[in-house]
Amino acid sequence: MPVISMRNITKTYQNGDVETSVLRGVDLDIEKGEFVALMGPSGSGKSTMMHIMGFLDQATDGTYMFQDRDVSRLSSDELALMRRGEVGFVFQAFHLLPRLTVLENVMLPLVYLGIDLKERKERAAKALDAVGLADRVDFVPNQLSGGQKQRVAIARSLITDPAVIFADEPTGNLDSKSSEQVLGILRDLNKAGRTIVMVTHEVDAAAYASRIIRMKDGCIA
Amino acid sequence: MRINDLLTASFDSIRRNTTRSLLTVLGIVIGIGAVIVMLSIGQGAQGYVLNQVASLGSDQIFIESGSGDQSSGPPSPFTAQTLTLDDVEALRQRGPFSFVSATLISTGAVQSGEESIFTDLAGVDEYQLDVFPADVALGRFIDRADVDGYANVAVLGSDVTRDLFGDQDPVGEKIKVKGTSFRIVGVMEQQGSKFFSNLDARVYMPVTTMQREIVGADYVNFLAMRATGDLDSAKDEARYILRDTHNIDNPNGELIKDDFMVSSQQDAANTIGAVGFALTLLLAAIAAISLVVGGIGIMNIMLVSVTERTREIGLRKAIGATEKDILQQFLVEAVMLTLGGGVLGVVIGITIAYLGALGIQYVVDGWPLVIPISAVFWAFAVSSIVGLVFGIYPARRAAKLDPIEALRYD
């Protein structure tokens, strides 16, 4: 049984009288435990695919089954609830809140799950340990290197124990050494059973994945 | 999101920008503070005057010269003085009054040996202290025989005694009032001020003597008396008697035709109450304007804050915040800001009102310090409502942001 199963997914944007098709009938299955790299030139629709898979956006048409549940049509609150518990995100720009400490940043998703402070701290410390940053809990993001920031973001995406982690160009802002470190962590997580979907246009990064899906003009090539 | 997490998050974000938060709520602080100060001083003034009225007794009736229609304006210093001792006699014999006392007011030089002061003179009769209660410290007050016999006797207020005689007992000594010699027969206890006039700076003498020797006229300035029955019918009775003695043909009781004005302390109290209510309405209007202006300031800054924190909002949405979560966060922040401003305004307002009352007490004896408790309650309620009303638009804007757009925002 696939974690993600998409059939004939389309996405069109209406801009005045002009209709732009970003996805034109995509079929895709991702099995539990896979590490998938989504590749393609800009404008190929790979980011939109990730946004739809990650409940940040919705398809115009088609069927989306997530863990055997039809999630093709959800309200904005239902989408938020899916993001809250079922998926985690790692962004190219890290998106850490600058005024919060490393520990507080990692704890943040648990706030919306209504988990008390003591458990939040314990789980955040464990997640930071898993990315090798146990000694940086009281730092603020500005005191960290780019690679360290991205590792904090990975810890944050892990903390809710999501079914899938979506990484959107996770090495786009990093030097090659940090990139290797971050990709190594993602590979280790995948080996431990975590399903990962990574959007990238770097061949080196895609090499860490167990499967590469190439997109072009809104279709899987 | 749990309540305490919500409060912590909002408090943190206000604390991060302490200076900006303070400037943002300054309008609210000033508005609330100003209203507290004005209400405190306004209610203090009202309390002060009502206290003075109450100390004279609610059965007191007061008659002055002038048009009987009070709406024609305040008494003028040029009003013809129409009240005489014959009126006093008529009121005593025919009216439902327990005491009727005439008073003639003037000022003049009072001399004892080398010492001379310029002070208030009061021509009175033996009922003065029944209508305006006060105690005699030494000797006696003006009596019936003094009035009937045009006696050259005087009773001194405590300030006058101190100024002219120091700690000496002045009873039996002579003073000169406007060149006429008087024998001191008594000294008053300290009375303080009533209606902004210092009663201790008075020299009392028989009204008859003062008419003949000092003023050279046969009028008196006002009559004061205590009603024995219903206050309103006593006032009507007084008017009826005076129309008779003044030969005024006024069968319909039109006050404008009278050459005297009858009032009671109760009337004064009612007037003061009405003025106080109007003052409160005026303050409420000013407060409303300043709070709307302050609220617009809050809305402005909240909109800036939403724009600044677009990426934060995007991230929060990406990790599962619902529209309601974001809305709550920004609303709580706005209410926290305005409520904080309200608290600050109340504290500053009470401090200034307290210092102001201390300052006034230095000049005006018996001025009360009033902290308007209900205004404090309203300040908290209204500032919270301002936060809600002016926070809702920015908060909705934040809540409606599209997470993908928000994350990409630079």
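**Questions about a predicted two-chain model**

Guide: Of the 410 residues of chain B, 38% count as buried. Bear in mind that this is a predicted model.

Visitor: What makes a residue count as buried?

Guide: A residue is buried if 20 or more other C-beta atoms lie within 10 Å of its own. In chain B, 38% of the 410 residues pass that test.

Visitor: What share of the contacts in chain B join residues at least 24 apart?

Guide: The share is 82%, among contacts between residues at least 6 apart in sequence.

Visitor: How do you know that β9(A) and β10(A) pair?

Guide: Strands pair if DSSP finds at least two bridges between them. Two bridges join β9(A) to β10(A), and these strands run antiparallel. One partner pair is A:M215 with A:I220.

Visitor: What about β3(A) and β9(A)?

Guide: Four bridges join them, and they run parallel. Two bridges are enough for a pair, so β3(A) and β9(A) pair. A:L38 has A:I213 as its bridge partner in β9(A).

Visitor: What makes a group of residues a nonpolar core?

Guide: Its members are buried nonpolar residues joined through C-beta atoms within 7 Å. The largest core has 109 residues, of which A:L38, A:V106, A:A155 and A:V197 touch the most other members. α11(B) gives the most to this core, with 11 residues. Apart from it lies another core of 47 residues, including B:V207 and B:L223.

Visitor: Which residues is A:A155 in contact with?

Guide: Leaving aside neighbours within four places in sequence, A:A155 is in contact with A:V106, A:A127, A:L128, A:A130, A:V131 and A:L133.

Visitor: How many residues does each chain bring to the contact between A and B?

Guide: Chain B brings 18 residues and chain A brings 19 residues. On the side of chain B, α10(B) gives the largest share, five residues. That side divides into eight nonpolar, two polar and eight charged residues.

Note on methods:
Residues numbered from 1 in each chain as written. Chains lettered and ligands numbered in written order. Predicted model: local features only at pLDDT ≥ 70, side-chain atom pairs only at ≥ 80, totals over all residues. Contact = placed C-beta atoms within 7 Å. Nonpolar A, V, L, I, M, F, W, Y, C, P; charged D, E, K, R; others polar. Buried ≥ 20, exposed ≤ 12 C-beta atoms within 10 Å, placed from the backbone.
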